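Biologist: Hi! Could you walk me through this one while I have it on screen?

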Amino acid sequence: MKWQISFSKNSLRFLQKNHLEELFIVNKIKIILRKFAGEYINADIKKLKGEWEGFYRVRDGKLRIIIEFKFENHYAHIEEIDWRGNAYK
C-alpha cells in the first residue's frame, strides 16, 4: 500500500539547516510503517499524550521525529524534527 508523506515547514527547515535529506526521514518512516503492518521491527516509537495527542514520536539516537498518521487515508504528516529536548517545545 502506498503512503503519502508530507513535511511541515519547520521540519523541512530543520533538515536543511542540519544538511539532512528528506529521503533519510522517509526511509525511517517506511520502517515504522512496516512495524504498524505487524512485522517485528526494532524501532522506538511512542504514542504521545497531552498537547501532542494524536501524534507519535520516533526516536533515532538524539533525533526526534513527531509524526501524525492517518491510517485510513494512508497519509503521514511529519510535524516536527529536532534534537532531543527541543522537539517538544
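**Contacts, bridges and cores**

Modeller: A contact here means heavy atoms within 4.5 Å. This is a predicted model, where local features need pLDDT of at least 70 and side-chain atom pairs count only at pLDDT 80 or more, while totals for chains, interfaces and linings use all residues. Residues are numbered from 1 along each chain as its sequence is written, and side-chain values use heavy atoms, with hydrogens and water left out.

Biologist: Good to know. Where does Ser 8 lie?

Modeller: Ser 8 is in the loop between strand S1 (4-7) and helix H1 (9-17). Helices (H or I, at least four residues) and strands (E, at least two) are DSSP runs, numbered from the N terminus.

Biologist: And does Ser 8 count as buried or exposed?

Modeller: Ser 8 counts as buried because its relative accessibility is 11%. Buried means under 20% relative accessible area, exposed over 50%, and partly exposed in between, with a 1.4 Å probe and protein chains only.

Biologist: Switching to charges, how many salt bridges does the structure hold?

Modeller: Five. A salt bridge needs a side-chain nitrogen of Lys or Arg within 4 Å of a carboxyl oxygen of Asp or Glu. One of them joins the side chains of Lys 28 and Asp 60, at 3.3 Å from N to O. Lys 28 belongs to helix H2 (residues 22-36) and Asp 60 to strand S3 (residues 56-60), so this pair ties together parts that are 32 residues apart in sequence.

Biologist: How accessible are Lys 28 and Asp 60?

Modeller: Lys 28 is partly exposed at 23% relative accessibility, and Asp 60 is partly exposed at 27%.

Biologist: What about Arg 57, which residue does it form a salt bridge with?

Modeller: Asp 44, with the closest N and O atoms 3.0 Å apart. That pair also links distant parts of the chain, since Arg 57 is in strand S3 and Asp 44 in strand S2 (residues 44-47), 13 residues apart. Arg 57 is buried, with a relative accessible area of 10%, whereas Asp 44 is partly exposed at 27%. There is a network too: salt bridges link Asp 44, Arg 57 and Arg 59.

Biologist: Nice. And which residue pairs with Arg 34?

Modeller: Glu 39 forms a salt bridge with Arg 34, and their closest N and O atoms are 3.2 Å apart. Arg 34 is partly exposed at 39% relative accessibility, as is Glu 39 at 41%.

Biologist: Now the rings. How many aromatic pairs are there?

Modeller: Nine aromatic pairs. Rings of Phe, Tyr and Trp (its six-membered ring) pair if their centres lie within 6.5 Å; planes under 30 degrees apart count as stacked, over 60 as edge-to-face and the rest as tilted. Phe 14 and Trp 83 make an edge-to-face pair, 5.4 Å centre to centre with 70° between the planes. Because Phe 14 lies in helix H1 and Trp 83 in strand S5 (residues 75-83), the pair ties together parts that are 69 residues apart in sequence. Phe 14 is buried at 6%, while Trp 83 is partly exposed at 38%.

Biologist: Which residues form the aromatic cluster?

Modeller: Trp 3, Phe 36, Tyr 56, Phe 69 and Phe 71 form one cluster.

Biologist: Let's go inside. How many residues has the largest nonpolar core?

Modeller: The largest nonpolar core has 20 residues, and those with the most contacts inside it are Ile 25, Ile 29, Ile 67, Phe 69, Ile 78 and Ile 81. By a nonpolar core I mean a set of buried Ala, Val, Leu, Ile, Met, Phe, Trp, Tyr and Cys residues joined through side-chain atoms within 4.5 Å. The elements giving two or more residues to this core are H1, H2, S3, strand S4 (63-70) and S5.

Biologist: Which element gives the most to this core?

Modeller: H2, with five residues. As for Ile 29, it touches Ile 5, Ile 65, Ile 67, Phe 69 and Ile 78, not counting residues up to four places away in sequence. Apart from this core lies another, of five residues, among them Trp 52, Phe 55, Ile 66 and Ala 87.

Biologist: One last thing, the backbone. What is the phi of His 19?

Modeller: His 19 has a positive phi of about 55°, although it is not a glycine. His 19 is in the loop between H1 and H2 and counts as exposed at 72% relative accessibility. His 74 also has a positive phi of about 55° without being a glycine. His 74 lies in the loop between S4 and S5 and is partly exposed at 24%.
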